[in-house]
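Student: I would like to learn how to read the features of a structure, one at a time. Please give the general idea before each case.

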Amino acid sequence: MKLYCLSGHPTLPCNVLKFKSTTIMLDCGLDTTSVLNFLPLPLVHSPRLSKLPSWVSKDGTINLEKELKECAGRVFVDSQPEFCLPERELLDLSTVDVILVSNYHCMMALPYITEHTGFTGTVYATEPTLQIGRLLMEELVTFMERVPKAQSATCWKNKEIQRMLPGPLKDAVDVWTWKRSYSMQEVNSALSKVQLVGYSQKVELFGAVQVSPLSSGYSLGSSNWIIQSHHEKVSYVSGSSLLTTHPQPMDQSSLKNSDVLILTGLTQMPTANPDGMLGEFCSNLAMTIRAGGNVLVPCYSSGVIYDLLECLYQFIDNANLGTTPFYFISPVANSSLEFSQIFAEWLCHNKQSKVYLPEPPFPHAELIQTNKLKHYSSIHGDFSSEFRQPCVVFTGHPSLRFGDVVHFMELWGKSSLNTIIFTEPDFSYLDALAPYQPLAMKCVYCPIDTRLNFHQVSKLLKEVQPLHVVCPEQYTQPPQSQAHRSDLMLELHPPPMPYRRCSVLNLPFRRRYERVYILPELANSLVPSEIKPGVSLATVSAVLHSKDNKHTLQSVPKAPPAPPSKKRKRVPEEPPVLLGPKPLLSGAVPLEAFLATLQKVRRDLIVVFRIMSCNTFLCCKNKCEESVRRNKQFITCRAESAGRTRSWL
Amino acid sequence: MDADCASLLPGVCAVLAASGRSLPDDTSLEKLLDWFTGLTEAGGSLLEACPCLLEFISTVVLNTAVDPGVLSFALRLTGLMAATEDGYEKLQERSVLDQVFQLQRWREAGLWEDPCLRIGWILGLRSMLQHPKALCFFVQSDFIDPLLQLQTDASLFVASAANQMLAHILLFFQPVPSLGCNGVDKKEEDDDDGTKRASAAYAAALAAISGYLKESLVPKKYTALRQSLQILKLLALLLAAAGPPLCDGLLQTAGDPLEDLVAAGCSQLTLPLMDVLLAACSSSGFNQRVPDQRVGRLLSSMLDVNEPADLLHAAAAFLRRGHHSDVVNTTRAVRILLLPLHIVTGQTLLGTNATADGRRSSAVEQLKCKTSCISMTCVTLTNAPRIALLPLGVLPCAPDLIVTAVLSLLRICSGVSSSSPPGCGEVCRNVIGSGKVQKCALEALTALDGSPGATEKTSEVFTVLMQYLENPDSDPTVLHKSYQAFVKWTGVCTDLSFVTDQLRLDLVELVRRRACDMRWEVRDSTVEFLGQLAGLRASAATTEGTASDALLGARCTTPLLKEALQDAESYVRASAVSALAKSLTHGWQQGAAPSEDEKEIVSRLLEILSQDTEGFPRRAVVQYFASWFSSSASPSSAPLLMRCARSVLSQGSADLDWEVKVHTLELAQLLLDEAFSGHRGYRKVSDAPHPRAAVSELTRAPRASPEGAESDLAAAVELGVVAALLSGLVDCDRPVGLRACRLLMALRDAVCPPGPPDATAAVATVSCELPGGGGWGEEIRKTLGVESGEGGARVSVCEALRSLGLDERLDVLTRSSDHVHNSPLSLLQDILTASAAHTRADTQPGEEVIVDCY
């Protein structure tokens, strides 16, 4: 079993798991932090941005006048922003059978994976994940296509030149793999490959493994995945939350008894408690409005914004903000607000029960009704005529490089009365603000990340007790800025297996068991002898037939080929815990002692077989993996009939 | 005892003797005993006053079928009656005492199993043991052994009572010739037979108890720990109050077992052991004697036990008792207490060679466990302020280093510390984010403001507190405590260079943001903080250049507080009103004319008083005006204030909340004080418990109507003071009525002193309006017997003050509202009534059943 790690970003993972005969991609997150190296895309012509000086190297030898601009000591690429894609060279993406998506933030690279790579598989996701993911992709495409840039800067990527560049540009890795945004057509094509699943629904993959999504509590429709065969279980935990905001609570118990648990998507802000941040957000907002300033909240169009609006709904009356308008501006604002109200079955119990009242589950419906919250697709059109200050504006993109937020930064940045409040944890706010310097407006950083923190995850792991944990290497050491905070890392026994971009891990567990069926006629020919009330044993000689990951014991052909001596030799090579059946059946071994051995052995050696027709069970000392490979091999089995009870051993 | 009670008592005794089950409630017997105790203490003899009681006791103790509760009552009553030598002898004559306290009988009747009876037995004997004869009886009856057994009784109450009783015997009868009045050998010259017997009895008791102590102090096995614990408690009780001979004797007896106990090092016994040793220490200290060397040695070994947590508790107990003359042990205790702080923060509190300390490694081990780490750190922190005030000689470091250590702990707790001491990462992890440690540390920091050298740390303290106040994750309690610490340290900050521009800007920004916090507790603490800082300003001797002024001037504070007057939470509005009062006090004291801002505030406050739906803000508003009035240099010359006073009086006295009314009367009192303090007859009403004292003193010297009273009274009427007082007088809430009554009496004594009314005096012409329409006016009119007119009526104030019967009203009002129900007579009646009802209920059901059958 192997794990190929295609992304180094711990919260935007993209891993491929090879398990039994299947190749499963777990999430395909798109690392958008690369856009911070680019100049913002203004919706309205910005004299300030257009007048930025070009960057020239100190000795004047490099002059990429068209490509690089300088602002407040930092250099930015003047081009359509580009994203850092998951690694595409590590393995042939056309071999991927399925892609399991855990939440809408972790599927933004989907078109890059499913299109133009030869991918022919299926994508599995829940309905809200698909729909909201579509909105986010649509929004991204609109943001980019609305402000087309003719030129594409590539010269700076030249290794020789990049080496000479200052600051973060010099250290950017794999810049040649950075790609511009996909098109709407590619989005549609990618999303057409999605098959919808519901929580706890079991999906069979080629008869070899079964995958099933579990609620992860992080966002609408967000899921963790269980990937299991009859005897092995892998859990994939990505972006989970124990906070009781709007989504269904996290299903923890189903993660128990995993052989391997792949852990990604922990909080990016381990020291910032979401409740405290939400409080900070509200008090800063109220303080600015009271002083007559405007508040700008760069955010994604789905997710935390629902919680922010709900919190404000309760807060505005308390803080005497009743008349202040709230604007939500996004190409998909309307759909996002409406979608949240219709996915009732994916909401937490509290919100679900409102639907039966009937009331909208989220209070933003009331904010819209009472005209306190207004939403627009863009700053153009109706918005400009109804715009009233002071106000609060929620808009994207949180990177401040594209979207309507760029306009508000240009508009409000000069006044110290205004405040920008960052709530999304994905981008460093200092980097986001860099091309707007010097900036007079106040900046407040209240990153709200509801995903599991280290304390919660240690508790979770203690509870579910996986045999092995795999996680991004970032989780195995304290954050660089707080090297002494040993509480901000995973400490497990055995220690977790760390991965980084381009790692290939051999997962440390060997498959020991395989399920084998026995044909009815063969089962009928067995002569179990009762050795204890309710327990019978029989020997069986059969041919093992294996096809489509299904193994069957068939009767030995009438004229069996002469057993080669080599095969015989194998028998004494087997672990000697259970010797040949003969002495046992002849009563040479006392029954109790034998059953005790059986108990002991069952855990580590004996393979459990199931008879197709009558639910009788067999214990076999064979190493099945070998036998699967060597079809039609003779095996000796010791059978035990469970009689009427028909239960597993 | 009054005749009514005396006549009812025999009936009650009969009821009790017949069956105790029909009592009105289970406290009746206790109440009866309280009553009897009161009678005995007042010097009466129960035997003489109610002979029926003796009868009752004799009957009851023979009847073992009586409810154990009643039996227990009889036992205690017997003890009470035998508390005097007289009573004792009378009871002895009729051999009641033997009957009552004879254990054998109770055991045979199977009643001894009932803890109720056992405790009755102990308490009865305890009441009786007030004279040597009782002691002789006690010893001769061999009650010591059963009592010692009861010390480990299954019932905690019995065990504790037995312990108290044992201590009482040894302490009450201890031979102290010079001091004692109870000592059995107090009259040496009068060496009669009785005294000899009593001495012998005491010696026997002492021998028995000492023997028991010696025998049972060291637990034979782990399960006997409770006995040791009880004995240690007894020893602590005894040593704390025993005179030198007894004390020495006890220490002699218990010395060896105590040494064994200390050597055993049992965690559960650490604190009781410390109690005993410290009691031994202080009793010798009290008597100015050289402390027993053995006790000192034992104390030293207690401060040397192996278990770090026990050690810490022992040291804390030692320090709490304040035996600071014992330099060696104090130094040791301080080092023990500072060790956890030393380890967690890495500050070299104990010097650099502390690493060599053998205790360190075991303490580190213990600190690695989260719960014990938190509890040990908290013990250290609680004691830190006390340690910092100790003389330099016993401290291992400068006291300001303790402040530094607490600050560094606070930094670690909030996770902002940039490093952890080497090798203690695991320990530090236990305190990161711990709210309990944060609160303890902040409390310690607040208390450390007065420690020597602390002022040097002011700037560092401000920095850390700002971090806490800025931290979005700080719990509201933590924020509150941070604010408290901030106020305290600002109060001691005299060097304004600590108040940097950056600090001021940060603080202004912070309080602005916190005043908008989502949690009302935080908004409330913030508003309160603003008020307290302003309070510092007002109370400072110089107004210029105080740290609080430099930090937050009124220019920043007032707008925030005005905003908070509109807060959605009533507590915050109330705090804002109080804080405004504090922030404006300074201006009032100066007699400055009210600014536009202040006028606006006043109108908003009056709005709150008339419209706010919650009581707290309205109470605060009335108090605001009261404090304005009291801090104003010349209130009567402030027209705005006087105008407001009038509306506050009229609205406040009509409020639905009784506390608003009481505060309104406080304002009325201030107005009266202001107007009449110059008059000879006027006495300021204090909240003294005996209002009659002030009044009766006045009546001794009748005076003629004082001059100028008329205009002052007319002004008081005009302001609505008299109306407020009159309406308060007939209020249905007792505290309101009481206060109004006292004030009216003070007014009466000032304007129309006792003596024949002089109708021609100018003051008699002042009248006030009694509104019509069924309110308080109606009630006053009824009391005065004035004809009720259509609209209202005017009455002469003096006339009214004389005829309202204020003295009688005061009598009624000063008694608690349930005084009628609490009288012994009512108790006796209740018992009789309940019994009658019970008897009826007993007989009727049978008949009813028959009726039902048909």
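Student: Is A:R290 buried, exposed or in between, and what is its relative accessible area?

Tutor: Buried means under 20% relative accessible area, exposed over 50%, and partly exposed in between (1.4 Å probe, protein chains only). A:R290 has a relative accessible area of 30% and is partly exposed. B:E563, at 34%, is partly exposed too.

Student: What do the side chains of A:R290 and B:E563 form?

Tutor: Side chains of opposite charge can pair when their charged atoms come close. A salt bridge is a side-chain nitrogen of Lys or Arg within 4 Å of a carboxyl oxygen of Asp or Glu. A:R290 and B:E563 meet in one, at 3.8 Å from N to O. A:R290 lies in helix α7 (residues 274–290) of chain A and B:E563 in helix α30 (residues 554–564) of chain B, so the pair joins two chains. Helices (H or I, at least four residues) and strands (E, at least two) are DSSP runs, numbered from the N terminus.

Student: On what basis are such values given?

Tutor: This is a predicted model, in which local features need pLDDT of at least 70 and side-chain atom pairs count only at pLDDT 80 or more, while totals for chains, interfaces and linings use all residues. Side-chain values use heavy atoms, without hydrogens and water; residues are numbered from 1 along each chain as its sequence is written, and chains are lettered from A in the order in which they are written.

Student: How confident is the prediction for chain B?

Tutor: pLDDT is the predictor's confidence in each residue, from 0 to 100. Chain B averages 83, and 87% of the residues score at least 70. Within chain B, helix α24 (residues 435–447) has the highest confidence, at 95, and helix α36 (residues 691–699) the lowest, at a mean of 42. The model as a whole scores ipTM 0.75 and pTM 0.80.

Student: How many residues does each chain bring to the contact between chain B and chain A?

Tutor: Contact means heavy atoms within 4.5 Å. Chain B gives 22 residues and chain A gives 25. Buried area is the accessible area (1.4 Å probe) that two parts lose on being put together, summed over both. Here that area is about 1900 Å², with 53% from carbon and sulfur atoms. B:R429, B:C516 and B:M518 supply 30% of the area that chain B buries against chain A, more than any other three residues.

Student: How many salt bridges cross the interface of chain B and chain A?

Tutor: The rule finds four across this interface. A:E491 forms a salt bridge with B:R429, with the closest N and O atoms 2.6 Å apart.

Student: Which residues are linked in a network of salt bridges?

Tutor: A:E280, B:E470, B:R513, B:R514, B:D517 and B:R519 are linked in this way. In the pair of B:D517 and B:R514, the closest N and O atoms are 3.0 Å apart. B:D517 counts as buried at 1% relative accessibility, and B:R514 is buried at 1%.

Student: Why does the salt bridge of A:E410 and A:R48 tie together parts that are apart in sequence?

Tutor: The closest N and O atoms of A:E410 and A:R48 are 3.0 Å apart. A:E410 lies in helix α13 (residues 405–412) of chain A and A:R48 in helix α1 of chain A, so the pair ties together parts that are 362 residues apart in sequence. A:E410 is buried, at 17% relative accessible area, whereas A:R48 is partly exposed, at 29%.
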